Amino acid sequence: MAEWTGVMYGFYTNKSIDDVVSAWFKKLAAINYQCERSRFRNDEFLFCYKNDEMQDHHLEYGYNLDINGEGCFCIEAKSTKLHGTATLFKFDNDSDFEPYDINLHFQHVFYYVLVLPDLIENSIFCQNIHRLFTNILNEKK
């Protein structure tokens, strides 16, 4: 396979892997995609593709958009801790304050990486998949 392809978007959330996977499979069926679920060590992988031809093309060329502007994508998920410092520039869509550092100390969170074939700024398809995923993270139980 060629060099690494794809664009990664990371998310920390309190939404469990089981809840996300369950909702994700329902959403994928609605857009005629299928998903292979696998596990390596403590990480879950959800590799998504429309058909065998798309999957074969991905294996040869990596993450990419086909003629129809669609492509394979993936979610990596794991349970982890989050200890760090972040600079807050915007909160609840407000940015009328000076940026400041906040300390984050969570003993149990879930980390997801959404791997898309292109930047969401460059592709309507990638924007839609990104939105689909973030809607799942934001849904209330």
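**Figure 1. Burial and surface of the protein chain in the predicted model.** Of the 141 residues in the protein chain of this predicted model, 38% are buried. The accessible surface of the chain comes to about 9,300 Å², and carbon and sulfur atoms account for 49% of that area. Taken along the principal axes, the box filled by the C-alpha atoms is roughly 50 × 30 × 30 Å.

Figure 2. When contacts between residues at least 6 apart in sequence are considered, 62% of them join residues that are at least 24 apart.

**Figure 3. The largest nonpolar core and the residues with the most contacts inside it.** This core has 36 residues, and those with the most contacts inside it are W24, F73, Y112, L114, L116 and F133. At least two core residues come from each of strand 1 (7-13), helix 1 (17-30), strand 3 (43-49), strand 4 (73-88), strand 5 (100-116) and helix 3 (124-138). Helix 3 gives the most to the core, supplying seven residues.

**Figure 4. Close-up of F133 and its contacts beyond the neighbouring sequence.** F133 is one of the residues with the most contacts inside the largest nonpolar core. When its neighbours within four places in sequence are left aside, F133 is in contact with F11, V20, W24, I75, Y112 and L114. Among these partners, W24, Y112 and L114 are likewise listed with the most contacts inside the core.

**Figure 5. The largest pocket and its lining.** The volume of this pocket is about 250 Å³. Its lining consists of 15 residues, and E53, M54, D66, I67 and E70 are the ones that lie nearest the pocket centre. Sorted by class, the lining of the largest pocket has four nonpolar, seven polar and four charged residues.

Figure 6. Because its relative accessibility is 56%, and the cut-off for an exposed residue is over 50%, N32 counts as exposed.

Definitions and conventions
Residues numbered from 1 in each chain as written. Predicted model: local features only at pLDDT ≥ 70, side-chain atom pairs only at ≥ 80, totals over all residues. Heavy atoms only, no water. 1 Å grid on protein atoms, 1.4 Å probe; cavity = no way out; pocket = protein on both sides within 12 Å on 5 of 7 lines; lining within 4 Å. Points joined across faces, edges and corners; volume = space filled by probe spheres on them. Nonpolar A, V, L, I, M, F, W, Y, C, P; charged D, E, K, R; others polar. Buried < 20%, exposed > 50% of the residue type's maximum accessible area, 1.4 Å probe, protein only. Contact = heavy atoms within 4.5 Å. Areas by Shrake-Rupley, 256 points an atom, 1.4 Å probe, with all protein chains shown as cover. Core = buried A, V, L, I, M, F, W, Y, C linked by side-chain atoms within 4.5 Å. Helix = DSSP H or I, 4+ residues; strand = E, 2+ residues; numbered from the N terminus.
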